[in-house]
Amino acid sequence: MNLLDLEPKYADYQIAMRRLFHTCPEASTKEFQTAKLIRAELDKMGIPWRECGMPTGTLATIKGARPGRTILLRGDIDGLEVTEQTGLEYASKNEGFMHACGHDCHISMLLTAGKILNDLRDRLSGTVVLCFQPAEEVGKGAAAMIADGALEGVDAAFGIHVWSDVPTGHVAVRTGPMMAAGDEFEIEVFGKAGHGAMPHCCSDATLMASAIALNLQTIVSRETDPIDTAVVTVGMLNSGTRFNVISGYAKLIGTTRCFKPEIRARFPEQLERIAKETARAMNGDAKLTYNALIPPTFNDADMAERVRVAAKKLLGENALYDYPPSMGGEDFAYYQEKVPGAMCFLGVRNEACGAVYAQHHNCYQVDEAMLVKGALLHAQMAVDYLGLECQ
């Protein structure tokens with residue numbers, strides 16, 4: 001049996017599901033309508049499920065006819081606070097929210113894979129766990145589901161992320177680091193407010209915060225080995241109330257990214273030292289709050305090779321695309337800390353259908369024709385891992 005032969009049977013369902021979920025993106029941890037729709041589809045298929053980790057997390061199980069190993073297939077379900085400007089007929093109906101990172105694709109691919117594998121369950125040896133995970137964008141969903149037993153009895157995990165920088169018809173996968181650790185920091189800056197015409201009587205928190213934002217860049221340029229990779233980004237700087245008032249308080253919020261645990265471990269001390277000493281030099285003070293969100297996404301060598309083999313079965317010998325490690329983060333990393341796992345990028349970039357915008361862009365689109373291949377890749381990984389010969 002060749003799984004490619006099943007593509008015509010499931011392609012329409014895949015696209016219909018993707019468009020359905022694209023209309024109703026929801027904020028992380030609040031994916032209530034999304035979870036309701038997922039569970040309704042699972043009920044139609046007769047696949048048992050349970051709430052897991054959060055009220056919006058769903059863990060479904062497909063048991064084969066014979067005992068064997070267990071593989072978890074994961075799809076994240078949350079949307080983003082982005083106002084969609086694609087003009088699509090099935091554009092978001094939830095104002096201010098959009099599936100701008102492809103999680104609608106992830107939901108629909110996993111549902112379609114579930115439909116395929118459920119139809120094949122009499123030939124399976126082992127168990128497939130379908131993990132519909134909330135709150136990936138805030139780095140909380142995977143840990144919550146693991147704490148609620150999502151990995152109990154699981155031998156391996158696999159995840160797909162649609163990716164706008166990989167051309168359609170290709171899959172990118174690496175052994176080792178695939179995506180970076182991603183943490184969040186907040187720096188509060190304390191000065192002395194006063195009249196804008198009398199700076200000598202004040203300690204300007206806006207100026208301190210600006211200097212801190214610049215000085216933080218020396219963590220990468222002067223405190224990190226040039227051979228290694230790291231990012232320190234200040235994404236928000238808020239200060240001041242009006243044009244002629246010197247602010248006594250400012251706040252910076254940002255993120256750090258890296259691949260090596262030892263670099264990640266140094267970030268809190270470096271951020272705090274630079275923030276405090278910069279503020280102190282300008283007669284102020286600073287306080288750091290550091291939130292460790294997600295570790296690096298590190299692909300197991302055996303699982304990564306399984307992805308390569310499965311991709312070639314479905315997309316041909318030229319299926320693989322050499323894509324460098326991404327500084328983006330993924331809380332799929334938490335599953336990989338517990339069991340061997342692999343995350344791959346499914347190429348959805350296609351100029352012919354306007355799929356040229358980056359993840360998180362308000363015009364983000366994908367090559368829908370490729371998504372059924374993603375569903376088949378989920379299924380191929382499962383049947384290969386469980387020992388079902390399909391070719």
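**View 1. The lining of the largest pocket, sorted by residue type.** In this predicted model, the lining of the largest pocket is made up of eight nonpolar, 13 polar and seven charged residues, where Ala, Val, Leu, Ile, Met, Phe, Trp, Tyr, Cys and Pro count as nonpolar, Asp, Glu, Lys and Arg as charged, and the others, Gly among them, as polar. Residues are numbered from 1 along each chain as its sequence is written, and side-chain values use heavy atoms, without hydrogens and water. Local features need pLDDT of at least 70 and side-chain atom pairs count only at pLDDT 80 or more, whereas totals for chains, interfaces and linings use all residues.

**View 2. The space and centre of the largest pocket.** This pocket (an open set of points on a 1 Å grid over the protein atoms alone, where a 1.4 Å probe fits, with protein on both sides within 12 Å along at least five of seven lines; lining residues have an atom within 4 Å of a point) holds about 760 Å³ of space. Glu137, Thr255, Arg257, Leu293 and His360 are the closest to its centre among the 28 lining residues. Strand E12 (249-258) is one of the elements that give two or more residues to this lining, and E12 supplies the largest share, four residues.

**View 3. The second largest pocket.** About 170 Å³ of space lies here, and of the 15 lining residues, Leu59, Thr61, Thr127, Val129 and Glu152 lie nearest the centre. The lining divides into seven nonpolar, five polar and three charged residues, and its largest share, four residues, comes from E2.

Notes: Grid points are joined across faces, edges and corners, and a volume is the space filled by probe spheres set on the points.
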